[in-house]
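Opening my notebook on this fold. I want to go through the sheets, the helices and the cores in turn.

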Amino acid sequence: MNLKEAKVLMFDLDGTIIQNGCFVDNLVIETLTILKEKGYKLCVNSGRPHFLTLKVLDLYDITGLFDYIFGCNGAEFIDVKKDEYELISYLDKDIIKEVSETFIDEPIAISILTPKLVYMNKLIDKDFIERYKKSRQLDVEIVDFSTLDMTAPKLLGMIDKDGYLSIQEKIKTINSDKYDLFFSNTHLLEIVPKDISKGKACSILKEKLKLNKNDIISFGDEENDIPMFKESIGVAMGNANDHVKKYAQYETDDVAEEGIYYFFKKYGFI
């Protein structure tokens, strides 16, 4: 397999391009710029909502390097060149209320991210919330979700520092035809519309561009990147755990060691 024959290079953000929630290394930016100049289509496939993805890309003036952006694990799609936004799927207000009630007595806070506020159904693990507020630069408002008249492309569950095992057991009891649940890491639970995932996003792009699995090389580091690896040539970052790595066909260095650069250098892209 000649990796350089790929047409699309797809990237998770946090832990792949971004370090510590907001930092992008200059060597990674230079690498992406070279790849763009060589004619590759670049795509972000992130669990972040599109507005948080654009915020960090704009901060480093690299939004224009990307042709496509998927947000909320594939529930949102942006064609950057056409400046077109598409909401692929969403959770309605009744589902949001149901999810909130399901987890109300568990060590997890259900949240909705908007461009100005994070709405949370309760306050939990203040240290984690403060770190999240700092990295995302969003204020938090505690609200009763039963009173909200909102839809959302996804919900985010922020897990108490000692609550992961309890939440693991809880989700085993949930079988919904309206939404799916999966962990991005031990601190975050993703709640998305049924059948939405980064793998679905990959499939959508393949259909739009008439591509096959080997036309896309994807990079990621967390559990929610596994479906993306299954629909493309997967590359796990060095900071990924062993469970994630076993689903990838290739592995590169840690995000803090410019893993994106060293993969493309190793395989002759640059």
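Helices (H or I, at least four residues) and strands (E, at least two) are DSSP runs, numbered from the N terminus. This is a predicted model, where local features need pLDDT of at least 70, side-chain atom pairs count only at pLDDT 80 or more, and totals for chains, interfaces and linings use all residues. Residues are numbered from 1 along each chain as its sequence is written, and side-chain values use heavy atoms, with hydrogens and water left out.

**Entry 1**

I looked up the strand order and got 7-6-5-4-1-14-15-16, an open sheet of 8 strands with mixed pairing. Strand 7 (84–87) and strand 16 (250–251) are at the edges with a single partner strand each, so one side of each has no neighbour in the sheet. For pairing, DSSP has to find at least two bridges between two strands.

Next I went along the pairs. Strand 6 (residues 76–79) runs antiparallel to strand 7 over 4 bridges, and Asp-79 has Glu-84 of strand 7 as its bridge partner. On strand 4 itself, I found 4 of its 5 residues buried.

**Entry 1: strand 14**

Is strand 14 enclosed or open? Strand 14 is largely enclosed by the rest of the structure, because 5 of its 5 residues are buried. I checked which way they face: Ile-216, Ser-218 and Gly-220 point one way, Ile-217 and Phe-219 the other way, and all are buried. Strand 14 is joined in parallel to strand 1 by 4 bridges, where Val-8 stands opposite Ile-216. Another 4 bridges join strand 14 to strand 15, also parallel, and there Ser-218 faces Gly-234 of strand 15.

**Entry 2: helices on this sheet**

Contact in my notes means heavy atoms within 4.5 Å. Axes are lines fitted to C-alpha atoms, for helices over the stretch in contact, and angles run from 0 to 180 degrees between N-to-C directions.

Helix 2 (residues 50–59) lies across strand 4 (41–45), strand 5 (68–71), strand 6 and strand 7, at about 130° to strand 5. Helix 9 (residues 259–266) also packs on the sheet, touching strand 1 (8–11), strand 14 (216–220), strand 15 (233–236) and strand 16, and its direction makes about 145° with that of strand 14. In helix 2 I listed Phe-51, Leu-52, Thr-53, Val-56 and Leu-57 as buried.

For helix 9 the buried set is Gly-259, Ile-260, Tyr-261, Phe-263 and Phe-264. Their cover includes helix 1 as well as strand 1, strand 14, strand 15 and strand 16. After helix 9 comes Gly-268, with a positive phi near 80°.

How do helix 1 and helix 9 pack? Their angle is about 45° and their axes are 8 Å apart. That makes helix 1 oblique to helix 9, oblique being whatever is left once angles under 35 degrees count as roughly parallel, over 145 as roughly antiparallel and 65 to 115 as roughly perpendicular. At this spot Leu-27, Val-28, Thr-31 and Leu-35 of helix 1 meet Ile-260, Tyr-261 and Phe-264 of helix 9.

**Entry 3: the cores**

A nonpolar core is a set of buried Ala, Val, Leu, Ile, Met, Phe, Trp, Tyr and Cys residues joined through side-chain atoms within 4.5 Å. The largest one has 33 residues, and Phe-11, Ile-17, Leu-42, Phe-66, Ile-217 and Phe-264 have the most contacts inside it. Helix 1 gives the most to this core, 4 residues. A second, separate core has 23 residues, including Val-99, Ala-152, Ile-174 and Ile-191.

Strand 9 (residues 117–120) pairs with strand 10 in the parallel sense over 4 bridges, with Val-118 opposite Val-140.

Key:
Buried means under 20% relative accessible area, exposed over 50%, partly exposed in between (1.4 Å probe, protein chains only).
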